[in-house]
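Try each task before reading its solution.

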Amino acid sequence: MQPTDCMGLQFANPVGLAAGLDKNGEYIDALAELGFGFIEVGTVTPKPQAGNDKPRLFRLKQADAIINRMGFNNHGVDYLIDNVQRCKYKGNIGINIGKNAATPVEQAADDYVYCLERVYPHASYITVNISSPNTKNLRDLQSGEALTALLYTIKNRHSQLASEYGFYVPLVLKVAPDLEPEQIDYIAKQLIDFEIDGLIATNTTLKRTGVEDLPDGDQAGGLSGRPVSHTSTQILHQFAEQLEDKVTLIGVGGIDSGEKAVKKIKAGAELVQLYTGLIYRGPGLVQSCVQAIGGYYDAIEGQ
Ligand SMILES: Cc1cc2nc3c(=O)[nH]c(=O)nc-3n(C[C@H](O)[C@H](O)[C@H](O)COP(=O)(O)O)c2cc1C
């Protein structure tokens, strides 16, 4: 299929790896062999942290789903940067940044800016993750004053970094699927006002619809995979309506077939990402999605 151009970057294909699988950037070259058009590493935090106690990841096999409460276990931003510098992969690498669990949410901006400054020259794009359900109060940053203040601080520093380095690294926000319509309107407005380049919709859900009665269906954490697919695509679509092509949309959540990947594109995504589907369907899912999206574009061009 044709390369995809967005956010000033060229992607060999629109199918990427979602954040959380390679939190420390340790497997970039191996993952690239699976045929991804881009790879997102992280979430990484300023300092190393162990994450939550185990067990913290549960497979809900009957639902092709996972519940996780990893809690940003990672070796810290400097370790990740070493790995990114050392890898041979020449495609786009997104670096997903977060805050340490010990940092109060009121000081979250300090952690994001710390990571932003360090990853800036090493990332193809940078994702600000404010949507993990496993770091206390993190999702509060998705609403109202807290969101505005955070984006103001991050965007300010981002603009300075762009002029200091003399090159622009796109900034992307990653949101949860558990958003009310008013929150979507508000976030969309902020994205436009602060000239954020991209939006990743979505992270995992706190809802348990369809898995309540399954073994481990009541575990605390974020639910991913098939049960989140529909909601996640709906949220993506609602953002697409608000953003009218002003912000690049990256669709993630429950893609386990080429058809589901095409649904994200139809809902407004230019790029998609995989995680849980890859666990259940295996590496062949990457090419299935690339081919299905290519076929969809060919069909609409031929009309
Ligand atoms: C075990 C696990 C760990 C994850 N860790 C992160 C993370 O560190 N940062 C992040 O932004 N998203 C993380 N995610 C969320 C995924 O990137 C993705 O947004 C979500 O799982 C929905 O996609 P999926 O249904 O294809 O898995 C994680 C997901 C899983 C299953």
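**Exercise 1.** How close do the axes of helix 6 (residues 226-243) and helix 7 (residues 258-267) come, and at what angle do they cross?

*Solution.* First, the conventions: this is a predicted model, in which local features need pLDDT of at least 70 and side-chain atom pairs count only at pLDDT 80 or more, while totals for chains, interfaces and linings use all residues. Residues are numbered from 1 along each chain as its sequence is written, and side-chain values use heavy atoms, with hydrogens and water left out.

Step 1: helices (H or I, at least four residues) and strands (E, at least two) are DSSP runs, numbered from the N terminus. Axes are lines fitted to C-alpha atoms, for helices over the stretch in contact, and angles run from 0 to 180 degrees between N-to-C directions.

Step 2: the axes of helix 6 and helix 7 come within 8 Å, crossing at roughly 20°. Helix 6 and helix 7 are therefore roughly parallel to each other (angles under 35 degrees count as roughly parallel).

Step 3: on the helix 6 side, the contact (heavy atoms within 4.5 Å) is made by R226, S229, S232, T233, L236, H237 and A240. Helix 7 contributes K260, K263, K264 and A267.

Step 4: sort the contact of helix 6 with helix 7 by class, and you find three nonpolar, four polar and four charged residues. Here Ala, Val, Leu, Ile, Met, Phe, Trp, Tyr, Cys and Pro count as nonpolar, Asp, Glu, Lys and Arg as charged, and the others, Gly among them, as polar.

**Exercise 2.** Which residues of helix 7 are buried, and what do they pack against?

*Solution.* Step 1: buried means under 20% relative accessible area, exposed over 50%, and partly exposed in between (1.4 Å probe, protein chains only).

Step 1: the buried residues of helix 7 are G258, K260, A261, V262, K264, I265 and A267. Seven of the ten residues of helix 7 are buried, so this helix is largely enclosed by the rest of the structure.

Step 2: the partners of these buried residues are helix 6, strand 12 (248-252), strand 13 (271-274) and helix 9 (284-301).

Step 3: look across to T233 in helix 6. T233 has a relative accessibility of 16% and counts as buried; leaving out residues up to four places away in sequence, T233 touches K263, K264 and A267.

**Exercise 3.** Is R157 buried or exposed, and which residues does it touch?

*Solution.* Step 1: find R157 in helix 4.

Step 1: with a relative accessible area of 18%, R157 is buried.

Step 2: not counting residues up to four places away in sequence, R157 touches V113, L116, E117 and E164.

**Exercise 4.** Which residues have the most contacts inside the largest nonpolar core?

*Solution.* Step 1: a nonpolar core is a set of buried Ala, Val, Leu, Ile, Met, Phe, Trp, Tyr and Cys residues joined through side-chain atoms within 4.5 Å.

Step 1: the largest such core has 73 residues, and I95, I97, Y112, L173, L199 and F239 have the most contacts inside it.

Step 2: take L173 as a case. Setting aside residues up to four places away in sequence, L173 touches V128, I130, L147, L151, I187, L191, I196, G198, L199 and I200.

Key:
Parallel < 35°, antiparallel > 145°, perpendicular 65-115°, else oblique.
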